[in-house]
Amino acid sequence: MLKTYSINSGGLPSYLFEPYYQLLPNYKDLHNTDPFVFGSTFYYSICQQGTKPGQGLTELPPGSVILFGSSVNGAFCLDTVFVIKDSIPYKLDKVRSLKDKVPQVFYKVGLEPVCTQAKPETVFKLYLGATYSSPYEGMYSFAPCKTYDEYNSVGFKRPAIRLEGFTSEAKSQGVTMNKDKALDTNGMRKLWNMVREQVSDQGLKEGVEFCMPKRKV
């Protein structure tokens, strides 16, 4: 932990951390980082897939946009915008087949630890995010961020996003699918741009690449 903030209300953070990872003999009761936003490509591998509310999450085509976030004070607050560029189907008992297809840090902390958390025969999708340098029809994945000011920064509130009929302001966790409102690429890009505008209007920037965490022994 780098810093503790005295102002910790109204959606502002209480702490500032520098990300790191550790390799543990047992990952029981721990959560992976999904989506994984470090390195040159974002990855989404398992969260809510294989659950009844998440039916359809393994069938998303390229160009789909996933908004990761949660409900805060009656508003949907955004963590990550994930634009699907490609995908790889996999089963938990075959997850080692992905070892040479992803960064090793992601494999060690995001994929390998989940091998025992669901039935081996369940099929999941490893989604690869479109990037700023390799977008999908002009769209790319990003996470809202703010330039750090060592002397004045107290962090920032996650941006509240409102897309009528597409975001849920009530869910603190879970998944909201919009398959019945399928959009063509132009419609999806329009919604994606609306999210970008709302992020910018709240004084935030688009984080498109984050340094890979270092290992802590």
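Visitor: Which residue stands opposite Lys 125 in strand 7?
Guide: Pro 89 stands opposite Lys 125 in strand 7, where strands (E, at least two residues) and helices (H or I, at least four residues) are DSSP runs numbered from the N terminus. This is a predicted model, in which local features need pLDDT of at least 70 and side-chain atom pairs count only at pLDDT 80 or more, while totals for chains, interfaces and linings use all residues. Residues are numbered from 1 along each chain as its sequence is written, and side-chain values use heavy atoms, with hydrogens and water left out.

Visitor: How many bridges join strand 6 to strand 7?
Guide: Seven bridges link strand 6, residues 75-91, to strand 7, and the two run antiparallel; two strands are said to pair if DSSP finds at least two bridges between them.

Visitor: And what about strand 4, how many bridges there?
Guide: Strand 4, made of residues 43-44, is joined to strand 7 by two bridges, again in an antiparallel arrangement, and the partner of Tyr 43 in strand 7 is Leu 128.

Visitor: Is strand 7 largely enclosed or exposed?
Guide: Strand 7, residues 123-129, is largely enclosed by the rest of the structure, because five of its seven residues are buried. Buried means under 20% relative accessible area, exposed means over 50%, and partly exposed lies in between, with a 1.4 Å probe and protein chains only.

Visitor: Switching to cysteines, how many disulfides are there?
Guide: The structure holds zero disulfides, a disulfide being counted as a pair of cysteine sulfur atoms within 2.5 Å.

Visitor: Cys 77 and Cys 211, then: buried or exposed?
Guide: Cys 77 counts as buried because its relative accessibility is 7%, whereas Cys 211, at 72%, counts as exposed.

Visitor: New topic: where is there a cis peptide bond?
Guide: A cis peptide bond joins Asp 34 and Pro 35, with omega at about 5°, and Pro 35 has its place in the loop between strand 3 (20-21) and strand 4.

Visitor: Why point that out?
Guide: Most peptide bonds are trans, and most residues other than glycine have a negative phi.

Visitor: Which residue has a positive phi near 70°?
Guide: That is Gln 48, which is not a glycine and is found in the loop between strand 4 and strand 5 (65-72). Gln 48 counts as partly exposed, because its relative accessibility is 24%.

Visitor: What about the phi of Glu 137?
Guide: Glu 137, also not a glycine, has a positive phi of about 50°, and its place is in the loop between strand 7 and strand 8 (143-145). At 48% relative accessibility, Glu 137 counts as partly exposed.
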